[in-house]
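Please look at the sequence and the structure shown here.

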2 protein chains.
Amino acid sequence: MKSDLRRIMGEKGYAALLITGPAQHNAPMVYLTGGGHMTNADLILPQDGEATLFYNPMERDEAAASGLKTINLAEYNWKDLLAEAGGDSIQATALRYRRMLADCGVTAGKVAVYGVSEVGSTYAVLSALQAAMPEIEIVGEPARTSSMLEARATKDSDEVARVRKMGAITTAVVGQVADFLSSHPAKDGVLVKKDNQPLTIGDVKSKINLWLAEKGVENPHGTIFSIGRDAGVPHSTGNPSDPMALGKTIIFDIYPCEAGGGYHYDFTRTWCLGYAPDKVLALYEDVYSVYQTILSELVVNQPFKHYQDRTCELFAAQGHPTIADDPTIQEGYVHGLGHGVGLQIHEAPWSGAGATEKDILAPGIVATIEPGLYYPSKGMGCRLEDSITVTPEGRIEILAEFPLDLVLPVKNG
Amino acid sequence: MKSDLRRIMGEKGYAALLITGPAQHNAPMVYLTGGGHMTNADLILPQDGEATLFYNPMERDEAAASGLKTINLAEYNWKDLLAEAGGDSIQATALRYRRMLADCGVTAGKVAVYGVSEVGSTYAVLSALQAAMPEIEIVGEPARTSSMLEARATKDSDEVARVRKMGAITTAVVGQVADFLSSHPAKDGVLVKKDNQPLTIGDVKSKINLWLAEKGVENPHGTIFSIGRDAGVPHSTGNPSDPMALGKTIIFDIYPCEAGGGYHYDFTRTWCLGYAPDKVLALYEDVYSVYQTILSELVVNQPFKHYQDRTCELFAAQGHPTIADDPTIQEGYVHGLGHGVGLQIHEAPWSGAGATEKDILAPGIVATIEPGLYYPSKGMGCRLEDSITVTPEGRIEILAEFPLDLVLPVKNG
């Protein structure tokens with residue numbers, strides 16, 4: 001939780017955190033400012049002082065809305081900085097950071113840097129700052145195990161409520177998609193529109209984006225809506241011109257966020273239009289069984305990765321290859337059980353590659369549970385995913401309930 | 001243009017470009033791969049070899065769709081890398097980059113880095129790579145004057161066509177908004193809905209997002225739709241609960257992009273509902289006059305900044321303060337004349353702070369022309385903005401025409 005940040009800073013011996021980049025679609029900046037239309041900003045949080053937000057004067061209203069202490073970047077005269085840096089804009093920016101840090105009382109110690117921005121120019125500026133200020137140590141933490149993610153791994157009740165609301169919106173749209181598909185008649189094995197042309201993945205995706213926009217949320221990362229062989233490739237997003245054919249697995253994985261890049265939801269269902277062939281039904285039943293077993297076995301404060309091991313064990317017992325045996329496989333169970341969800345679709349706690357015993361199912365976490373089986377060579381794949389939270393009382397709770405049914409009935413199907 | 005990249009690399013003595021981050025909403029990666037659902041990828045473009053895209057195996061279909069030579073990141077065994085790096089994931093990632101560069105034939109020389117990603121972890125990885133490979137020099141260019149932006153400053157005909165299409169969509173939505181506003185009756189000086197409640201900025205913004213989604217585009221940076229005093233602050237996005245009041249300046253600045261973070265359009269109109277008070281009309285006429293004068297004076301291959309100087313001169317002659325006199329002013333003409341538009345809303349060529357004689361109106365550029373005047377103390381602001389291109393023949397062309405009228409008639413207005 002945000003209230004853990006200073007404790008974590010203390011444990012790691014950080015004198016300050018420096019967050020840079022826009023205030024939208026930039027998780028660390030949204031986390032500490034609340035977001036808003038700032039095209040570029042900086043925030044310095046000293047271990048022993050209040051956070052200061054540095055803003056572009058054209059964006060003074062948005063900066064003020066953060067409620068934070070603010071400083072106008074124009075107070076650091078750019079022409080003077082540039083002259084002092086011999087006309088080198090990288091050096092001038094580094095010089096400005098030096099002054100900004102000093103104005104926050106940070107003149108020595110470790111400064112940990114975060115933010116989603118242009119990495120090349122930021123590397124150059126931070127390198128110049130480090131060279132000019134040997135009394136500080138600029139720290140970049142691994143993206144998946146940063147202090148920021150450690151704090152964000154557990155959510156307060158307001159954050160959980162925001163994810164839950166995104167879950168309600170997401171599942172409402174999924175319901176609209178199911179109704180939309182079911183409302184189309186089948187002809188020669190594919191759903192057809194009024195003009196007798198096949199309904200395509202592209203048609204469905206247009207509706208998804210429209211319905212999400214109607215509900216005031218964004219879908220910046222797109223949607224996975226893939227059928228048949230493509231459903232056998234976990235992140236294949238689907239070919240827009242593919243027709244909606246009966247009897248094939250459709251993987252529908254949807255992960256929208258609040259407008260401006262706020263909290264996400266992450267959800268997957270696997271559908272078969274009209275009917276399910278035996279091999280698809282068998283695949284689905286294997287995934288469904290593992291999904292239910294894992295959900296029933298989750299216990300508060302256990303390491304998430306234990307359930308990844310358990311998932312591999314369960315799938316292996318069913319006779320499927322898993323990444324526990326070979327991390328390079330592309331058939332069988334080929335990914336992690338789940339991941340935290342919040343201001344990023346993928347964040348701590350982790351269950352798969354790189355997860356540690358510190359990634360626990362603590363009260364306040366929000367995470368996906370998403371076992372799946374993939375057989376592109378057999379033209380099918382299946383994944384079931386819900387986002388859960390662990391309540392303050394230690395109970396596991398799905399944040400937005402939705403039926404897990406495989407077969408979507410269609411007219412003449 | 002993309003075809004200029006190797007020439008620019010040669011001029012700067014770069015052995016390779018390294019682009020990192022997701023393939024969506026990451027301009028350099030979209031530029032070189034065409035985009036697609038890749039959550040994280042790397043691309044290496046050696047001076048004397050073909051580009052190689054390194055992908056996550058779950059995203060192999062998306063990587064293949066780029067048409068580039070691809071390498072599966074799983075071929076660099078992570079467990080082995082981690083063991084070799086003593087368990088340090090930053091060092092292991094640096095080691096992997098070293099091997100990836102070697103596999104592209106890059107073992108020495110300057111490597112320029114680009115991409116929108118987490119800056120802290122990338123700083124750490126690049127620093128580790130630099131320390132481990134003194135035979136290369138990792139270069140981070142200033143974000144506003146990078147080789148990548150230099151290449152992207154001029155667009156080929158396909159890119160211009162994509163921006164033009166975004167312009168058609170943008171102005172169609174602006175027309176829908178105008179019709180929507182005009183369809184509401186006024187009561188006690190504000191537009192009201194059927195339930196007699198005031199129509200608000202929040203209501204209008206919901207419609208904007210919906211209509212953009214209907215047309216299949218994204219609006220990740222939001223929309224500026226601000227009224228009265230807020231219109232006097234250039235990047236104030238507007239208070240959602242503010243009613244649509246008659247006789248006040250409304251600044252409507254809209255800058256959506258193709259789905260997945262492709263090409264943008266950028267467009268602004270200033271409206272007054274029902275009528276324009278004299279002071280608003282005078283403000284508008286000053287901006288309109290400067291807008292038309294500047295548009296008529298633009299000449300191919302001239303430095304863009306000359307027209308910023310000219311705009312300041314014209315506004316000053318009208319009696320307005322300008323940033324030419326004082327860069328910290330917040331009333332009068334307070335920003336640059338325009339900027340390039342493409343995979344980023346703001347890119348080269350530049351006209352304002354930091355623009356050089358190299359930022360010219362070359363054939364193929366796409367840029368905004370957006371003079372404006374801001375008087376928050378008087379509760380008003382005005383900006384007029386169109387995106388133009390310079391045709392291969394050297395002609396200045398607005399990419400999407402739309403009326404410049406100030407007053408939007410309303411019922412009983």
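## Strand pairing in chain B

In β12(B), B:Ile251 is the bridge partner of B:Ser226. Strand β12 (residues 249-254) of chain B is joined to β11(B) by 5 bridges, and the two strands run antiparallel; strands are taken here as DSSP runs of E with at least two residues, helices as runs of H or I with at least four residues, both numbered from the N terminus, and two strands pair if DSSP finds at least two bridges between them.

Both strands belong to an open sheet of 4 strands in chain B, in the order β11-β12-β14-β22, with mixed pairing. Because β11 (223-227) and β22 (407-408) of chain B stand at the edges, each with a single partner strand, one side of each is left without a neighbour in the sheet.

## Basis of the model and its confidence

This is a predicted model, in which local features need pLDDT of at least 70 and side-chain atom pairs count only at pLDDT 80 or more, while totals for chains, interfaces and linings use all residues. Residues are numbered from 1 along each chain as its sequence is written, chains are lettered from A and ligands numbered from 1 in the order in which they are written, and side-chain values use heavy atoms, with hydrogens and water left out.

Chain A averages a pLDDT of 96, and 100% of the residues score at least 70, where pLDDT is the predictor's confidence in each residue, from 0 to 100. The model scores ipTM 0.94 and pTM 0.95.

## The interface of chain B and chain A

Contact, meaning heavy atoms within 4.5 Å, involves 57 residues of chain B and 57 residues of chain A. The two chains bury about 4600 Å² between them, 59% of it on carbon and sulfur atoms; buried area is the accessible area (1.4 Å probe) that two parts lose on being put together, summed over both. Strand β6 (residues 116-118) of chain A runs antiparallel to β6(B), with 3 bridges joining them, and A:Glu118 stands opposite B:Val116 in β6(B).

Between chain B and chain A, 19 residue pairs are in polar contact, both residues being at pLDDT 80 or more; a polar contact is a pair of N or O atoms within 3.5 Å, where within protein one must be able to donate a hydrogen and the other to accept it, and residues adjacent in sequence count only if both atoms are side-chain atoms. On the side of chain B that touches chain A, the elements that give two or more residues are α3 (60-65), α5 (89-103), β5 (109-114), β6 (116-118), α6 (119-132) and α9 (201-214) of chain B, and α6(B) gives the most, with 9 residues.

## Salt bridges

The structure holds 38 salt bridges over all chains, each being a side-chain nitrogen of Lys or Arg within 4 Å of a carboxyl oxygen of Asp or Glu. The side chains of A:Glu347 and A:Arg152 form a salt bridge (2.8 Å, N to O), which links distant parts of the chain, with A:Glu347 in strand β16 (residues 347-350) and A:Arg152 in helix α7 (residues 147-152) of chain A, 195 residues apart.

Across the interface of chain B and chain A, the rule finds 2 salt bridges. The side chains of B:Asp61 and A:Arg229 meet in a salt bridge at 2.6 Å, N to O.

## Backbone geometry

Most residues other than glycine have a negative phi, and most peptide bonds are trans. A cis peptide bond joins A:Ala348 and A:Pro349, with omega about 0°, and A:Pro349 is found in strand β16 of chain A.
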